[in-house]
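Me: I'm new to reading protein models. Could you walk me through a few features, one at a time?

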Amino acid sequence: MDFSPAVSSPRLLLRRFISTIYCIFEIAFSKLTYWTTGACKGTNSFVAGDKLDQNKDQNPTIPTSVNYHFTRKCNYRCGFCFHTAKTSFVLPLEEAKTGLKLLKESGMEKINFSGGEPFLHNKGEFVGKLVQYCKQDLQLPSVSIVSNGSMIKEEWFQKYGIYLDILAISCDSFDEATNQLIGRTQGRKSHLDNLFKICSWCKEYKVALKINSVINIFNYDEDMTQQINLINPVRWKVFQCLLIDGENAGETALREAERFVISDQQFQEFLDRHSSVSCLVPESNEKMRFLDCREGRKDPSKSILDVGVKEAIRFSGFDEKMFLKRGGKYVWSKADMKLEW
């Protein structure tokens, strides 16, 4: 893989970008989830569900939603992590911007920055500049970040909050001892203290808050209903602990997540316990698709420059029906969310 800075061709720049971006291409059609005022305490409705079949053969597949894992480094040590720090490489800022611009020209509407921990690199300035570029220059409808929240300062919101639609914070438990067992902690810092500070900042700076939780052997019997309703996120994504060969399972893995795995029945018990939480969006192992995970690994698709976007998505193992079934397309611009700040 050539990481030399002396690259003048836009095609070569995009090739390098695609090889390091770890994109998840999510095909967004007409099926939307609308958030009512007070998102988590309201009800969700679905519209235009039948328009998909009418346009399926007419509209080409495009990378409407892209996850950009620009770093693998993280300051937490979550035992089930399936995107581990195998490299410290981060694409230079201007080259990342070039790739994002070309993706926008290919039809991208939503970008999600993830990691690793996105705020670890350059103390959040790198991801902040990308967020500003995507919203201000590319004018993308939705710009979001997934973070553990430990590195975020109020000054970041003051500088970049206006450009961010959604901030997703990972929180697997509302018990500090459980977070310690999982590894979602750094030193003596309280993960929950950070979470509640960020909740208040999101409200003050008008950034929609999302919560991500990985359900595993240490938290599957927990009842988080009261805390989630108190936080009232626009979306609570609940993942079943997943094994990925070479990432958190197998001889070459940097994590050993086997001890965190729960059964489908245990996951369903957790979902049943939280059935009253209307913003809950479940992600069982059946529904999760990151890159090509069909063989239990993360296999990159072929380059979109070599085979085209439609063919690259086919090689990535993307399941269009499952994407829609799990609610992958929703109202993701804060301008369209009818929220009370």
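Reply: Happy to! Let's begin with contact, which means heavy atoms within 4.5 Å. Keep in mind that this is a predicted model.

Me: Which residues does D172 touch, not counting residues up to four places away in sequence?

Reply: D172 touches F80, N179, I182, R184, N212, S213, V214, N219, E222 and M224. You'll find D172 in the loop between β7 and α6 (176–182).

Me: How do I tell whether D172 is buried or exposed?

Reply: Look at the relative accessible area: buried means under 20%. For D172 the value is 0%, so D172 is buried.

Me: And what does the side chain of D172 make a polar contact with?

Reply: A polar contact is a pair of N or O atoms within 3.5 Å. Here the side chain of D172 pairs with the side chain of R184 at 2.4 Å.

Me: Where does D165 lie?

Reply: D165 sits in the loop between α5 (154–160) and β7 (166–170). Its relative accessible area is 2%, so D165 is buried. The side chain of D165 makes a polar contact with the side chain of K135, at 2.8 Å.

Me: How far apart should the ends of helix α3 be?

Reply: The expected span is 1.5 Å times one less than the number of residues. Helix α3 (residues 93–105) has 13 residues, so it should span 18 Å; its end C-alpha atoms are 19 Å apart, which agrees. Among the buried residues of α3 are L100, L102 and L103. Just after α3, G107 takes a positive phi of about 120°.

Terms used: Residues are numbered from 1 along each chain as its sequence is written. This is a predicted model: local features need pLDDT of at least 70, side-chain atom pairs count only at pLDDT 80 or more; totals for chains, interfaces and linings use all residues. Side-chain values use heavy atoms; hydrogens and water are left out. Helices (H or I, at least four residues) and strands (E, at least two) are DSSP runs, numbered from the N terminus. Buried means under 20% relative accessible area, exposed over 50%, partly exposed in between (1.4 Å probe, protein chains only). A polar contact is a pair of N or O atoms within 3.5 Å; within protein, one must be able to donate a hydrogen and the other to accept it, and residues adjacent in sequence count only if both atoms are side-chain atoms.
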